[in-house]
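Colleague: Could you walk me through this one? I'd like to start with the strands and then move on to the rings.

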Amino acid sequence: MNATSRAVEARDLAREALSDVADQVGDYIQVLEDGEGLVTHCFDCSNPGYVGWYWAVTLVTLDGHTTVSEANLLPGAGAVVPPPWRPEVNRETVARHRGDR
């Protein structure tokens with residue numbers, strides 16, 4: 001079995017890693033192959049405040065051992081996210097709009 005196959009099959013390790021940082025992990029979504037021995041397992045976020053978000057756990061397999069590289073909460077296609085940041089000088093303020101300045 002090659003390193004990527006080992007990492008793909010380590011879905012339980014990815015879910016276990018999330019149990020240390022998250023309490024509302026939903027269904028398994030998919031696995032993404034990021035490179036030789038490097039994969040990301042994706043799980044739905046079941047927190048009602050994060051509809052459309054998902055957990056991504058990246059695993060690496062090296063010398064026959066698979067370990068967790070990182071875990072992130074990421075916005076999916078339907079996630080509510082803030083608008084892009086704009087410098088203060090480009091923002092419309094209430095005072096400027098009213099003509100107070």
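Modeller: Please keep in mind that this is a predicted model. Strands E1 and E2 run antiparallel, and seven bridges join them.

Colleague: And what lies between E1 and E2 in the hairpin?

Modeller: The two strands form a hairpin with two residues between them, and in the turn Gly-37 has a positive phi of about 75°.

Colleague: Which residue in E2 is the bridge partner of Val-31?

Modeller: That is His-41, and His-41 also stands opposite Val-57 in E3. Strand E3 covers residues 53-62, and E2 and E3 run antiparallel with seven bridges joining them.

Colleague: How many of the eight residues in E2 are buried?

Modeller: Six of them are, so E2 is mostly covered.

Colleague: Switching to rings, how many aromatic pairs does a search of the whole structure find?

Modeller: The search finds two. In one of them, Tyr-28 and Phe-43 have ring centres 5.2 Å apart and planes at 75°, so the pair is edge-to-face. Tyr-28 lies in E1 and Phe-43 in E2, so this pair ties together parts that are 15 residues apart in sequence.

Colleague: Are Tyr-28 and Phe-43 buried or exposed?

Modeller: Phe-43 is buried, with a relative accessible area of 0%, whereas Tyr-28 is partly exposed at 25%. Arg-11 lies over the face of Tyr-28, at 4.1 Å from the ring centre.

Colleague: Which residues form the other pair?

Modeller: Tyr-50 and Trp-53 do, edge-to-face, with 5.5 Å centre to centre and 90° between the planes. Tyr-50 is partly exposed, with a relative accessible area of 35%, while Trp-53, at 17%, is buried.

Key
Residues are numbered from 1 along each chain as its sequence is written. This is a predicted model: local features need pLDDT of at least 70, side-chain atom pairs count only at pLDDT 80 or more; totals for chains, interfaces and linings use all residues. Side-chain values use heavy atoms; hydrogens and water are left out. Rings of Phe, Tyr and Trp (its six-membered ring) pair if their centres lie within 6.5 Å; planes under 30 degrees apart count as stacked, over 60 as edge-to-face and the rest as tilted. Helices (H or I, at least four residues) and strands (E, at least two) are DSSP runs, numbered from the N terminus. Buried means under 20% relative accessible area, exposed over 50%, partly exposed in between (1.4 Å probe, protein chains only). A charge sits over a ring if NZ of Lys or CZ of Arg is within 6 Å of the ring centre and within 35 degrees of the ring normal. Two strands pair if DSSP finds at least two bridges between them.
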